[in-house]
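Hi,

Here is the structure I promised to pass on. Have a look at it first, and then read my notes below.

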Amino acid sequence: MAAGGHKRIVKELSEVTGDPPAGTKVRLVDESDVHIWEILMDGPEQSPYSGGHFKLLLTLPKEYPFKPPVLNFQTKIYHPNVSNDDKGSMCLGMLRSDEWKPPNKLSAVLNYARNLLIEPNPDDAVEGGIAEQYKSDRRGFEKTAKEWVKKYAGKS
Amino acid sequence: MDSEDEVISVASSEEMMEDQDSDLSMGGDYSDVDLDVDDPDVGFETQDKDIKPKRRPYEVEFNIYGPADIQSHQDQQIDEVSAILGQPPEATAILLRHTRWNKERLIEIYMDKQDTLLEEAGLGKSLAKLPELKKVKGFVCEICCEDGPDLKTFSMKCGHRFCLDCYRQYLAQKIQEEGEAARIKCPGDGCNKIVDSKSLDLLVTEDLKDRYQVLLTRTYVDDKENLKWCPAPNCEYAVDCRVKQRDLNKTVPTVHCTCGHHFCFGCTLNDHQPAPCSLVKKWLKKCEDDSETANWISANTKECPKCHSTIEKNGGCNHMTCRKCKHEFCWMCMGVWSEHGTSWYNCNRFEEKSGSEARDAQAKSRQSLERYLHYYNRYANHEQSAKLDKDIYLKTEKKMTQLQSSSGMSWIEVQFLDAASQALQQCRQTLKWTYAFAYYLARNNLTEIFEDNQKDLELAVENLSEMFEKPTDQLSGLKVEMMDKTAYCTRRRIILLSDTAENLKNGGAHSLRLRPGSFD
């Protein structure tokens with residue numbers, strides 16, 4: 001079984017590195033371990049994160065693809081769906097084990113994450129306070145988000 | 001060994017309770033409760049159904065089911081509905097789970113809009129053909145990316161085909177890791193079709209089948225409003241009780257599991273009669289918030305009112321004698337013990353202070369804290385005392401075993417201690433909650449009756465508790481008296497619970513009333 005999982009991961013990796021989703025770059029943190037991917041994601045232009053460069057870690061559990069991958073923002077980001085702690089975890093929608101289906105692809109995960117930057121989901125938030133602000137004070141939200149981009153997500 | 005004793009003792013106290021029932025009007029003849037083992041636990045099921053119901057006002061009707069019963073209940077309902085709908089049992093089972101085992105609603109919806117229902121339940125069209133494994137030319141598994149002409153594959157009617165290994169791994173992940181059973185969906189992206197039991201039979205390996213069955217049974221009990229798992233650790237029984245959620249302000253449905261655990265069907269906490277669930281929840285919240293105050297600590301140690309030595313309570317009894325100055329006082333009210341006696345036991349009552357004092361805002365807040373502490377101290381005291389009573393019993397039990405071998409007393413002859421201990425535990429449990437309950441009660445005539453009942457029970461309990469602390473060599477001589485007191489305690493408890501339950505049930509102006517806002 002593990003071999004099956006490996007075959008799939010290698011295939012996905014070559015697909016994603018050969019033709020990455022818009023605004024993202026993918027590489028292995030350690031060439032010998034296909035289970036940990038480093039993602040560089042540009043803030044989408046139509047979002048307050050525009051101009052920012054975010055580093056993410058995509059970890060594939062050993063049960064992958066029967067269990068969903070784990071996505072962590074290593075760059076701090078002001079977003080209702082990303083935990084504001086040292087983990088920076090994003091865990092909703094297809095990233096949750098009860099919604100994840102084994103045929104789902106990692107390229108779809110990356111697109112999903114990028115779309116969340118464009119359109120956050122305040123109804124399934126991990127940061128309640130930010131979600132509240134996103135709903136009631138969009139300007140204030142965007143202001144802080146942009147400040148954080150400047151502070152944390154500049155060119156490294 | 002220990003647990004065996006526990007079971008036996010619980011059973012005997014249960015039976016004793018049964019006896020009390022019929023003896024309620026016959027005065028306190030101790031012989032009535034002399035471990036009438038041969039008065040069988042008749043009738044809850046059979047004979048008594050046609051005669052007058054034997055239940056007391058505070059008791060609710062309930063049944064206990066083991067795993068086999070639960071399984072057969074499911075099968076029975078599946079068969080029944082399967083015949084009505086004309087659907088095979090596997091599909092019927094999915095439909096029943098889909099509508100959370102509400103038969104009437106299922107049949108209604110089925111008659112009304114069959115296609116929508118089947119779609120929603122993940123059954124789709126036509127279920128006639130048996131599921132089978134296939135080898136498909138040119139197939140590449142979307143999950144593991146394997147291919148080859150010899151690859152065994154499977155798909156349900158939805159057509160999402162995967163290799164057998166991946167399908168199995170997927171199901172194993174769901175069943176073993178995520179504890180899912182009744183609502184596992186097709187692994188296909190975005191597909192909501194539920195994996196039916198025939199497909200599961202074909203796919204799931206033997207070692208997972210048991211786990212799958214257990215999980216299915218779990219969801220059955222979780223889905224049914226009238227069923228709840230016994231919360232005791234490792235207990236596998238479920239309780240069937242028809243008390244509705246909306247009636248929980250009027251009744252306190254304590255149920256007794258076969259494993260010996262008593263719990264409230266409404267909130268699954270330990271038995272908390274006579275206080276209703278919502279008050280219990282409020283009370284526990286309140287105690288949690290206030291528990292760190294110095295006042296709480298003061299409930300555990302006190303100073304002798306005469307010589308001010310610090311005293312820690314070491315037994316369940318409230319009659320304290322200071323080691324240092326020999327002053328005798330009551331642990332609850334700190335008054336001189338001789339004033340209490342049997343005729344002047346008045347320390348369960350909290351006298352409301354006059355209105356003029358209450359006008360002062362500061363005095364008011366002190367008053368309300370004082371009022372709370374009055375009830376809290378008594379609540380905590382009974383909880384603590386119950387523990388201490390049990391400790392003493394465990395010590396006594398050891399000594400009694402020694403006595404048994406040295407004096408030739410038989411095992412059955414020392415059982416009165418067991419009965420007394422059980423009664424003390426149960427009565428203190430009840431008393432504890434009467435204080436939480438009383439905290440929320442508004443003052444009227446019925447509150448006084450309630451407090452009288454509380455006082456009577458408390459006095460009886462303290463009497464029995466005091467005898468419990470006597471040295472072991474005196475205990476055998478106190479046997480008759482202790483049995484008498486045990487019976488009396490049990491009877492007082494029944495009276496208190498019955499009165500309060502009737503009052504709660506009736507509601508209206510002539511009943512116990514809660515202080516404003518208590519049920520919010």
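One to start with: is B:Tyr439 buried or exposed? Keep in mind that this is a predicted model. B:Tyr439 has a relative accessible area of 13%, so it counts as buried, the cut-off being under 20%. B:Tyr440 is buried as well, with a relative accessible area of 6%.

**Aromatics**

Over all chains, the structure holds 23 aromatic pairs. Take B:Phe154 and B:Tyr167: the ring centres are 5.0 Å apart and the planes stand at 85°, so this pair is edge-to-face. B:Phe154 belongs to strand S3 (residues 152-154) of chain B and B:Tyr167 to helix H6 (residues 164-177) of chain B, so the contact ties together parts 13 residues apart in sequence. B:Phe154 comes out at 0% relative accessibility and counts as buried; B:Tyr167 is buried too, with a relative accessible area of 0%.

Back to the two tyrosines: B:Tyr439 and B:Tyr440 also make an edge-to-face pair, at 4.9 Å centre to centre and with 80° between the planes. Both sit in one aromatic cluster, which also takes in B:Trp283, B:Tyr372, B:Tyr375, B:Tyr376, B:Tyr379, B:Trp433 and B:Tyr435.

Then there are charges over rings. B:Arg218 lies over the face of B:Trp229, 4.4 Å from the ring centre. The charged end of B:Lys228 sits over the ring of B:Phe265, at 4.6 Å from its centre.

**Cavities**

Among the residues that line the largest cavity are B:Pro57, B:Tyr58, B:Lys250, B:Gln273, B:Leu497 and B:Lys505.

**Strands in chain A**

Over in chain A, strand S3 (residues 53-59) has a covered face made up of A:Phe54, A:Leu56 and A:Leu58, while A:His53, A:Lys55, A:Leu57 and A:Thr59 are on the uncovered one. S3(A) runs antiparallel to strand S2 (residues 36-42) of chain A, and 7 bridges join the two. In that pairing, A:Lys55 of S3(A) has A:Leu40 opposite. S3(A) also pairs with strand S4 (residues 70-73) of chain A, again in the antiparallel sense, over 4 bridges. There, A:Leu56 stands opposite A:Phe73 in S4(A).

Cheers

Key. Residues numbered from 1 in each chain as written. Chains lettered and ligands numbered in written order. Predicted model: local features only at pLDDT ≥ 70, side-chain atom pairs only at ≥ 80, totals over all residues. Heavy atoms only, no water. Buried < 20%, exposed > 50% of the residue type's maximum accessible area, 1.4 Å probe, protein only. Pairing = 2+ DSSP bridges. 1 Å grid on protein atoms, 1.4 Å probe; cavity = no way out; pocket = protein on both sides within 12 Å on 5 of 7 lines; lining within 4 Å. Phe/Tyr/Trp six-rings, centres within 6.5 Å; stacked < 30°, edge-to-face > 60°. Lys NZ or Arg CZ within 6 Å of the ring centre and 35° of its normal.
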